[in-house]
Amino acid sequence: MNPFKGKDIISCKDFSRDDLLYLFEKAKLIEHMLNVKGKVDLLRGKVLATLFFEPSTRTRLSFETAMRRLNGDVIGFTSEEATSVAKGESFEDTIRTVSQYADVIVVRHKRPGSAKIAAEVSDVPVINAGDGSNEHPTQAFLDIYTILKEKGSIDGLNIALVGDLKHARTMHSLAYALSNFKVKLYLVSPEVLRMPKEITDYLKEKGIEFHEVDELSSVISDIDVLYTVRVQKERFPSIEEYEKVKGSYIVTPKLLDKAKSDLIILHPLPRTIELPTEIDKLPYAKYFNQVKNGVYVRAALLALIFDAL
Ligand code: NCD
């Protein structure tokens, strides 16, 4: 049974361990097919709409790449100013309209809960590509697919989520999704950027061992995966508040001295100062593999939504 058929993809809380493993199995298959053939004729005649009310490079282009490599078509926009929202049209009417053109909609918007609202008014499935500081489920799917590929399994791993745990939607979705596995989490952040209580409560409910810590150096030798993110400047109430914490964590080669030899470092990108380019040449750096995996996972997800795989 395909659990993704005709489904909206709004929150990682909606997907079980089996759902995720099913997706990863199909992503592996698609990865193989695309590496052999470049294109696979699974979604001919289907149209994907990418509605980006907030900036994006990877999420939009990897969805677009995924759809084109499955022989589907893509329409969309990359800013609110280019749409009738600038004339006063509502978000809901924009979605209602696009759902008359497209067979699936990918939406990113600054308002938490916007993807859920879109799904309620859309006639076609909606995929959340980031709703403000709330969630970014497909990023978590590709993050875990990358961990699985690099490590062989998720169970038994010690994973550090480092940085702006308060505002980063990638962190929220990843924490929810990882709660389906037997992992130990280190939530590393300054006090003011802690993981929202709603999410730590959820982790407790799911019986996940987690530790909230201030210093990355105190856990570096115990972790298998270091996942970090930029401090989310645009979510801060003032620039002063941002300036106080923007340099909280910087992954330096010196910090990695005590790391396990098979540690992997992941980052959803874009990076700012938290991940210097000098790390790129180290064997730990897997974030551009992660970027590539985004195409396979999103292609599998699209194919599954249309039950074409
Ligand atoms: C992230 C996002 O938009 O939440 N980027 C992405 O989709 N890869 C992370 C970020 O913007 O910091």
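**Notes on the predicted model**

1. Let's start inside. You'll find L51 in strand β1, which runs over residues 47-52. Keep in mind while reading that this is a predicted model.

2. What does L51 touch, once its neighbours within four places in sequence are left aside? The contacts of L51 are G76, F77, I95, V98, I105, V106, V107 and R108. For a sense of distance, take A119: it sits 68 residues from L51 in sequence, and the two C-alpha atoms are 13 Å apart in space.

3. Now a residue from the other end of the sequence. Is Q290 buried or exposed? Q290 has 2% relative accessibility, so it counts as buried, the cut-off being under 20%. Q290 belongs to helix α9, and that helix covers residues 287-305. Not counting residues up to four places away in sequence, Q290 touches Q139, L142, D143, T146, Y227, L266, H267 and P268.

4. For contrast, have a look at Y101. This tyrosine is in the loop between α3 (91-98) and β3 (104-109). Its relative accessible area is 56%, so Y101 counts as exposed, the cut-off for that being over 50%. Beyond its neighbours within four places in sequence, Y101 is in contact with V47 and I75. I208 is 107 residues along the chain from Y101, and their C-alpha atoms are separated by 43 Å.

5. Stepping back to the whole fold: there are nine helices and nine strands in the protein. The radius of gyration is 19 Å, close to the 19 Å that the globule rule gives for 309 residues, so the protein is as compact as a globular protein of that length. If you want dimensions, the C-alpha trace spans about 55 × 45 × 40 Å along its principal axes.

6. How much of the protein is buried? Of the 309 residues, 56% are buried. Among contacts with a separation of 6 or more, 72% are between residues 24 or more positions apart. The accessible surface comes to about 13,300 Å², and carbon and sulfur atoms account for 49% of that.

7. On to charges. Side chains of opposite charge can pair when their charged atoms come close. Searching the whole structure turns up 22 salt bridges, and a few are worth a look on screen.

8. One of them brings together D307 and K5, with the closest N and O atoms 3.8 Å apart. These two come from distant parts of the chain: D307 is in the segment after α9, K5 is in the segment before α1 (17-37), and 302 residues separate them. D307 is partly exposed at 37% relative accessibility, while K5 is exposed at 54%.

9. Another salt bridge pairs K13 with E198, and here the closest N and O atoms are 3.9 Å apart. K13 is in the segment before α1 and E198 is in helix α7 (residues 197-205), so this pair ties together parts that are 185 residues apart in sequence. K13 counts as partly exposed, with a relative accessible area of 37%. E198 is exposed, at 55% relative accessibility.

10. Then there is D214 with R194, a salt bridge whose closest N and O atoms are 2.8 Å apart. Where do the two partners lie? D214 is in the loop between β7 (209-213) and β8 (225-228), and R194 is in the loop between β6 (184-188) and α7, so the pair ties together parts that are 20 residues apart in sequence. D214 is partly exposed, with 40% relative accessibility, whereas R194 is buried, at 17%.

Note on methods: Residues numbered from 1 in each chain as written. Predicted model: local features only at pLDDT ≥ 70, side-chain atom pairs only at ≥ 80, totals over all residues. Heavy atoms only, no water. Helix = DSSP H or I, 4+ residues; strand = E, 2+ residues; numbered from the N terminus. Rg over C-alpha atoms; globule rule 2.2 N^0.38 Å. Buried < 20%, exposed > 50% of the residue type's maximum accessible area, 1.4 Å probe, protein only. Contact = heavy atoms within 4.5 Å. Areas by Shrake-Rupley, 256 points an atom, 1.4 Å probe, with all protein chains shown as cover. Salt bridge = Lys/Arg side-chain N within 4 Å of Asp/Glu carboxyl O.
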